[in-house]
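This report describes one protein chain for a reader who has not seen it before.

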Amino acid sequence: MTTSSQVKGAALPWSGLLALSATAFVAVLTELLPAGLLPSMAPALGVSESRVGFLVTGYAAASFLAAIPLTAALRGLPRRPVLNGALIGLAVSDALVALSSSYALSFAARLLAGAMGGTLWAMLAGYAARMVPAGLRGRAITIVLAGITLALALGVPAGTALAGAVGWRAAFAALAGCAVALVGWVRWRVPAFPGEPPHARVPFLKAAARPGIRPVLSVTLFLLLGHQVMYTYLAPFARHAGFGGGRTGLLLAVFGAATVAGIWVTGVLVDRRPRATLLTALALFAAVLLVLGRYAGTPAVLVGSVALWGMAFGGAPTLIQTALVNASGPADAEVATSLQTTVYNTGVAAGSLAGGLALDRLGAAALPWTALPLVSAALVVVALGRRHAFPGSRPGVGRDRPSGQPSSSVVTPKTRSRA
């Protein structure tokens with residue numbers, strides 16, 4: 001029986017996908033929660049607020065450094081135990097931070113969390129893709145990556161509010177408890193997949209050279225560079241536009257709500273018109289930067305532009321991730337996604353640096369014009385990448401692996417019971 005006949009008429013495995021989405025939520029919240037707790041954590045750890053901020057930097061650096069080597073080392077192991085092992089690592093890290101009064105111990109715990117986070121990011125999209133037929137792949141990835149958006153829009157503010165009510169240590173302890181609970185959910189509802197046997201493992205360099213991979217990674221880099229130039233320094237740009245006075249929080253709330261809308265729209269279109277949807281999102285982002293560069297001084301224009309920016313950016317990462325999985329095939333998605341994790345973190349760091357240099361040397365007015373060429377470059381790469389990276393047609397089952405390799409399995413009730 002062929003894979004396509006097995007999955008004909010299959011529905012989305014909602015419980016398993018939501019477990020993966022909750023995993024993404026917990027990982028992002030673990031990464032970013034210290035940023036909202038600087039004033040309360042600094043006295044308890046005996047350091048300045050800037051050094052508490054380095055707890056976020058340490059997480060990102062560890063994720064950047066660990067994604068590729070850990071993915072390579074763990075490829076041969078059964079996937080569900082690896083997923084649960086990373087969740088246990090997050091739980092241990094959050095518990096250590098909750099109990100620690102030592103900055104050094106807290107920083108070491110954050111490095112552990114970052115390594116676990118890098119492992120998770122390399123797994124989640126590929127795991128989702130293997131759980132569904134090719135025609136539902138984009139929607140499955142959208143559901144999983146929605147956990148990131150919800151963590152940014154709701155989780156971080158809620159975690160900060162919880163810390164204000166019961167203390168920052170209790171907030172980290174609650175986060176550790178959530179990670180432990182997720183281990184049970186994953187064990188119950190997420191299917192077991194085998195590790196990759198040695199003869200089937202594609203070397204990282206060979207995977208990176210596969211047609212379509214490098215354009216997708218390039219779009220990831222250009223988009224994150226442009227986004228971080230603006231997002232990191234939204235507060236000084238808002239002040240420059242006459243929208244200061246503590247109203248930056250309103251802009252961030254508008255952005256967060258709009259990203260949720262962008263995720264929803266992407267979920268509807270990603271499996272039917274992935275190329276056109278991504279081109280539209282990037283073109284909209286570029287147009288927003290033009291408007292911000294010329295007319296941001298009008299409050300209604302500024303708020304509306306931020307909303308459109310959030311909607312465009314909210315869906316773009318899912319569209320890019322889906323393109324990457326389609327280009328690599330679900331069986332090799334972890335290799336490709338680990339490369340993307342490294343590129344993603346590079347874009348975050350370099351975009352923040354570029355925005356800071358532009359702000360210091362040219363002023364806040366230069367930020368949209370600094371970001372515009374980068375987002376435009378991403379748009380051009382997508383427009384030129386029609387053959388391999390960003391095809392116009394919906395992917396078929398036959399594209400799950402390169403020619404000559406067996407098609408990856410898709411979970412059905414029958415295969416789940418055997419797993």
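## Overall picture

Among contacts in the protein chain (heavy atoms within 4.5 Å) between residues at least 6 apart in sequence, 86% join residues at least 24 apart. The chain has 17 helices and zero strands; helices (H or I, at least four residues) and strands (E, at least two) are DSSP runs, numbered from the N terminus. Of its 419 residues, 53% are buried. Buried means under 20% relative accessible area, exposed over 50%, and partly exposed in between, with a 1.4 Å probe and protein chains only.

The model is predicted: local features need pLDDT of at least 70 and side-chain atom pairs count only at pLDDT 80 or more, while totals for chains, interfaces and linings use all residues. Residues are numbered from 1 along each chain as its sequence is written, and side-chain values use heavy atoms, with hydrogens and water left out.

## Nonpolar cores

A nonpolar core is a set of buried Ala, Val, Leu, Ile, Met, Phe, Trp, Tyr and Cys residues joined through side-chain atoms within 4.5 Å. The largest one has 64 residues, and those touching the most other members are Leu-17, Leu-20, Met-41, Leu-83, Tyr-127 and Phe-172. At least two residues of this core come from each of the helices H2 (14-32), H3 (38-45), H4 (49-74), H5 (79-99), H6 (103-130), H7 (137-166) and H8 (168-189). H6 supplies the largest share, 13 residues.

Not counting residues up to four places away in sequence, Tyr-127 touches Leu-20, Arg-79, Arg-80, Leu-83, Val-190, Pro-191, Ala-192 and Phe-193. Another core, of 50 residues, lies apart from the largest one and includes Leu-223, Phe-237, Ile-320 and Leu-324.

## Surface

The accessible surface of the chain comes to about 16,900 Å², and 69% of this belongs to carbon and sulfur atoms. Accessible areas come from the Shrake-Rupley method with a 1.4 Å probe; for residues, only the protein chains shown count as cover.

Ile-88, Val-92, Leu-96, Leu-105 and Leu-112 make a nonpolar surface patch of about 360 Å². H5 and H6 each give two or more residues to the patch, and H5 gives the most, with three. Leu-112 lies in helix H6 and is partly exposed, with a relative accessible area of 31%.

## A buried threonine

Is Thr-318 buried or exposed? At 1% relative accessibility, Thr-318 counts as buried. Thr-318 is found in helix H14 (residues 299-328). Leaving aside neighbours within four places in sequence, Thr-318 is in contact with Gly-138, Ile-141, Thr-142, Leu-145, Ile-263 and Thr-266.

Notes: Patch = residues over 30% accessible without salt bridge, like charges linked within 9 Å, V, L, I, M, F, W, Y side chains within 5 Å. Salt bridge = Lys/Arg side-chain N within 4 Å of Asp/Glu carboxyl O.
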